[in-house]
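Hello,

Here is the structure I promised to pass on to you. Please open it alongside this email, and then read on for what turned up in it.

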Amino acid sequence: MSNASVRVQSQPRRRSPLGVTVAVLAAVVVVVLVLAQIWTEVLWYNQLGFIEVLRTEWFTRGALFVLGGALMAAAVWSSLTIGYRTRPVYAPASPEQVNLDQYREAVEPLRRLVTIAGPAVLGFFAGVAASQQWETIQLWFNAVPFGEVDPQFGIDLSFFVFVLPGIRFVVSFLMAVVVLSTIVAVATHYLYGGLRATGGEGERTTRHARIHLATLGALFMLLVAANQWLDRYSLLTKSGAAIDGATYSDVHAVLPSKAILTGVAVLVAALFAVAAVRGTWRLPAIGLGLMVVSAIVIGGIYPAIVQRFQVTPNAQELEREFYQRNIDATKKAFGLEGVETIPYQATTEAVAGALADDAEPTASIRLLDPTIVSNSFRQLQQNKQYYNFADSLSVDRYVIDGESRDTVIAARELYLQGLGSRSWVNDHTVFTHGFGIVAAYGNTTTVDGQPAFYERDIPSINGLGEYEERIYFGQNSPIYSIVGAPEGRGDWELDYPDDAAGGQVNTTFPTREVSAGPAVGDPWTRLLYALKFGDEEILFSDRVTPESQILYDRDPRSRVAKVAPYLTLDQRVYPAVADGRIKWIVDGYTTTDAYPYAAARSLDEATADSLTRSSETIVDLLPEMVNYIRNSVKATVDAYDGTVTLYAWDIEDPILQTWAKVFDTSLSPMSEISGELMSHFRYPEDLFKVQRELLSQYHVDNATEFYSGQDFWKSPDDPVRSGTVLQPPYYLTLKMPTQDEATFSLTSSYIPGGNTDRNVLTGFLAVDAETGNTPGEVREGYGQLRLLELPRNSTVPGPGQVQNNFNSDPSVSTTLNLLRQGNSNVINGNLLTLPVGGGLLYVQPVYVQASEGTRFPLLQKVLVAFGDKIGFADTLDEALDQVFGGDSGADAGDAGNEGPTTPSPSPEPSPSPEPTDPPTTEPTDPPTTEPTEPTDPPTTEPAPEDDSPRAALEAALRDASQAMRDSDAALKAGDFAAYGAAQERLQDAIARAIAAEAALGAA
C-alpha cells in the first residue's frame, strides 16, 4: 500500500429540504402580505380612474429611493474600501497601534460583511429619507412661474416656492452623505494605521489618507458655502418676532455676512485641496479657525450690534419699508388685496321701521342652529336605529317654489353601531348604505319649535325633486361593504324600511352597470382583501360572488386626500343634491410656507373654534405652517358610486398649474361643472377663518400704524361656550351696505385686540359666498371680502356684551329660569350678527329640551338685540317688533307662527301611540288657561281668591310648573298637539309671573 496520504474529498453540505421549504413558504407569505397592501391599492386607484396619481407618486418615490440610497451606499462603500486598500503595509510600531491590533483581528473575519452590509443599511435609510421629498422634487422639475418678483432680489417667486426647497434638499442630502463618508473614512484609516492620533515619528497621516480626507473636507466646505449662499434667499421667508421676512438688520447686516461666510467657506475648501497636495494640515486648520471666528463675529455679533444700536432706537423709520413689504406680500399671498373696507357709522338707536330697507335679509335670518338641531333631526327623521345624522349639520341654499331658501341639510347615513345584533354578514353585506337627504328651512320652524322639513321621510317626500337616494359613500360608512350578486340569487342588501313591504325593501347594487369599487369575484383577489382587512369571511362567504365589488375608503374627505395628495382639505364636508345625485363637496387648498415676506400662520390654530372643538364630524387639520393659500380645487364625491371629480377652481394659481403638470389627467375643467352643482358650491370656511385671523392685523395698510399695533383686533370668543374658544363664522343671507341685493355670505366679527377684556364691536367681515347657477362660470362678485370698520369710539356691544345683556335682563332671566325648572334644559343657540337698520343686529334662538328620557331641542324663544335694546318673544318677528318700536318694518321668516297648529307627522312607520283615555298627564282638549271642572290632578289652578301681587305670582308659578310637567308627559307620549297646548299654557303663566313680579317691585 502506498505511503502517500489519502486525500479525503470534502462533500458539500446538503441543504435540508424542510429548511428550503420553510424558507420558500416564508418568502411566499411575505410576498402575499405585501401584495395585500400594494396590489389592492393599485386596484382601488385603477377602478377610480386615478392610477396615474399612484403611478407618478410611486415612480418618483422609487427613483429617489434608488438614487439617494445608491449615492449614500456608494460614498460609504468608497470610504471603507479606500481606507482599507490604502492602508500601510506595516503599521508604525507604537503603543497605539499595538492596542489597535486586537481590534483589527476582531474585525477582519467580519470585514467583507461590514463592507457590504454597512453601506447597504445606511443607503436604505438614506433612500427612505430621500423618497419622502417626492413632492419637493416634482414641484422643482415642473415649476410654473408666478409672474411676480420678490422686492429684494427681483427673482420670480417660483424660485422661492419651487426651486429653492429642491436645491436645499439636494445640498442637505449631499452634506449628510459627505459627513457620514468622512466619519467612516476617519474610522477606517485610524483602524488600519493610515491615521494616528498620538505618538510616533513622521507624519500622522499617510499620503493616501491625507488625500482622501482632504478631498472629503473640501467637498464638505463647498457644500457649506452653497448652504450659506442659499441662506441669503431663505431670509425672505424667515419668521420674526414682529413680522415675517427679512428686516433692516437682515438686509444690511445678515445678508452681507452670508456672502462673506460663503467666500470664507470656499477659501477653506481651497486650503483643504492644497493640504492634499502639500502634505500639511496647518492651512486647513487655520482656515477652519478663521471660519469659526468669522461666523461668530460677522454672522452673529455684527448683526446684533446693528440691531441694538442702529435699528432699535430708530425702528419705526428704518423698518417702515420692510413692514410695508410684509403687508403687501401677506395680502397677495392670502387673497386679501381686494378687500372692500367700508367705514360704518353704526347706530345704536332702534326706531320703528328701521328694517324696511333690509326686508330680504331680515326674512332670511337663520333660526336653526346646525350644531343644536342635529338631535331634532335624529329624533324626528332617523326612522330606524341603524341610521344617523352628523352631529353638526350643514347650511346650504336651495330654490324652493322659485325662491332661494337658506337650508339646514343632512344626509341620513348608515350607523352600524345602532344595530342590536352584529355579524359579519349584517355588517358587510346586508347593511351597506344610508338613504336620503333631510332638509329644513333655516329661517322658520313649526309652531311647536320643530324644524320645518321640506325634504323628509323614507322614501323621501321630495321637496328637492327626484334623485338617487342611496348613500354608499359617506362620512360614517362601514370600513368596507361587499355588494352585487348574480341574477336569480335574490336581494339581500337592505334598501330601506317599509311597513307596506313587510318591514323592509331589499335591493342589489347593479355591479354589471355601475362600478363603485374593485371587483372581488376571483379567488386571488378575495385572498388579498381577506388579508388586507383581516376577515377570512371574504374568502369563504357565499355572499362574495363573481358579480361582487368591494367598497372601502368611503369617507369623502379620505377619498379626495388619496387621489389629490398635494391638497390640504377643508375640515368641513357637506352634502348637496345636484344632477340627480347626492354629492359630497370638499374644498381643497394649495399652500406653501415659502412665499417671500408673507406672514405665516399655523392652519390648525387659525381654523380652531368652538365648533371644531366640539364636533366629531369636523376633522381637525394637521399642524401646518403656511404663508400662502388658495382654494384651488372644488372636489365632489358621488354618494352612490364613489366617483371623485376634482374641478380646477382657481386656474390662475401657479401651484395648481404646477401640480396639473405633474398629474396631467387628474383635474377636470370648470366648464364641466353643471349649473345645479355650481349653485351648491360656496366660499370655504377654513380659508375664511385664516383670512379673518390675518385681517385682525392686516386691515391696517400703513406700515407706521402697523408697527404701533394700536389698531389690531381679534375674533371674539364664542359667548355660548365655556372657556376661551373662538366664535365660528356663520353662513347667512345678508346685504352689506355697498351691495344692491342680499347674497349668501360667510360672516364674522371683531373686537379690540391686545390685553383688554373690552368687548365692543370694532369690525364686521363678510365674504360673498354665492357662486351662482351658470354652468361652468362663477358668478361675478363671488369671493369679494367686505369689511365694515366701526369708529374707534364706537360703543356697539360685541358678542360677549350682548350675551351678558341677555343673561342679566330681568324678564329674560325670569322666563329662562322658569323654563329650566322641572325636567327641561335651556340651550342658547348661535349668536348671529347682521348689519341691518343702519347698525348691528344680534339674533339668538333659544331651545328647550327634556333633561331625561327622549331629548331633542325645540325652538321656544328668540332673543334680539340692537344697541342696548332687547327683544324676547316666541318668534323672531315678534322680538324684532319689540326692539323696533312695535314695527320693525320687515317680516321675519317665522312671521305667522304665533298660533298653535298641528306639527308635521312623525317619520316613524307606525303611528304615534294615542294618549291614554282618560288622560292623566295630558292637558284638556281644547286646552284653556281658564279654570275648568276640577280634575285630579287639575290641569290649571283656579284663580286665587287673594288678588295681591304675591298671590298672583305664586299662582302663576304653580301654573307654569304644571304646564312644564304636562309638556314633558306629552313629549314622552309623542303627542305633539298636547305638547303645543301645554306650551301655550306655559307662556301664559310666564307672562302672568312677569307681570306679578313687576307689580311686586312697584309696591
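**Salt bridges across the chain**

With a relative accessibility of 26%, Glu 340 counts as partly exposed. Before going further, please keep in mind that this is a predicted model. Glu 340 forms a salt bridge with Arg 786, and their closest N and O atoms are 3.2 Å apart. This pair links distant parts of the chain: Glu 340 belongs to strand β1 (residues 340-343) and Arg 786 to strand β24 (residues 785-789), 446 residues apart. Arg 786 counts as buried because its relative accessibility is 12%, under the 20% cut-off.

A second pair to look at is Arg 601 and Glu 693, a salt bridge whose closest N and O atoms are 2.7 Å apart. Here too distant parts of the chain are linked, with Arg 601 in strand β16 (residues 601-602) and Glu 693 in helix α22 (residues 685-698), 92 residues apart. Arg 601 is buried at 17% relative accessibility, whereas Glu 693 is partly exposed at 28%.

Asp 768 and Arg 779 form another salt bridge, with 2.9 Å between the closest N and O atoms. Asp 768 lies in strand β23 (residues 763-768) and Arg 779 in the loop between β23 and β24, so this pair ties together parts that are 11 residues apart in sequence. Asp 768 is buried, at 2% relative accessibility, while Arg 779 is partly exposed, at 26%.

You will also find Glu 41, Asp 553 and Lys 562 linked in a network of salt bridges. The count of salt bridges comes to 31.

**A covered strand and its partners**

Ala 578 stands opposite Arg 581 of β15. The hairpin of β14 and β15 has two residues between the strands, and Asp 579 takes a positive phi near 55° there.

β15 also pairs with strand β18 (residues 628-638), again in the antiparallel sense, over nine bridges. Lys 583 has Asp 638 in β18 as its bridge partner.

**Patches on the surface**

Which residues gather in a patch of negative charge? They are Glu 360, Asp 401, Glu 403, Asp 740 and Glu 741, and the patch is on the surface. Asp 401 sits in the loop between β3 (394-400) and β4 (403-411) and is exposed, at 79% relative accessibility.

There is a nonpolar surface patch as well, formed by Val 292, Val 293, Ile 296, Val 297, Ile 301, Ile 305 and Phe 309, which together have about 640 Å² of accessible area. Val 292 is placed in helix α9 (residues 282-311).

**Two contacts between separate stretches**

Gly 980, in helix α28 (residues 976-1002), is buried with a relative accessible area of 11%.

Pro 459 is in the loop between β8 (451-455) and β9 (470-471) and is partly exposed, at 41% relative accessibility. Pro 459 and Tyr 496 are 37 residues apart in sequence, with 7.8 Å from C-alpha to C-alpha.

Best wishes

Notes: Residues numbered from 1 in each chain as written. Predicted model: local features only at pLDDT ≥ 70, side-chain atom pairs only at ≥ 80, totals over all residues. Heavy atoms only, no water. Patch = residues over 30% accessible without salt bridge, like charges linked within 9 Å, V, L, I, M, F, W, Y side chains within 5 Å. Areas by Shrake-Rupley, 256 points an atom, 1.4 Å probe, with all protein chains shown as cover. Salt bridge = Lys/Arg side-chain N within 4 Å of Asp/Glu carboxyl O. Lys, Arg positive; Asp, Glu negative; His and termini not counted. Charge placed at Lys NZ, Arg CZ, Asp CG, Glu CD. Helix = DSSP H or I, 4+ residues; strand = E, 2+ residues; numbered from the N terminus. Buried < 20%, exposed > 50% of the residue type's maximum accessible area, 1.4 Å probe, protein only. Pairing = 2+ DSSP bridges.
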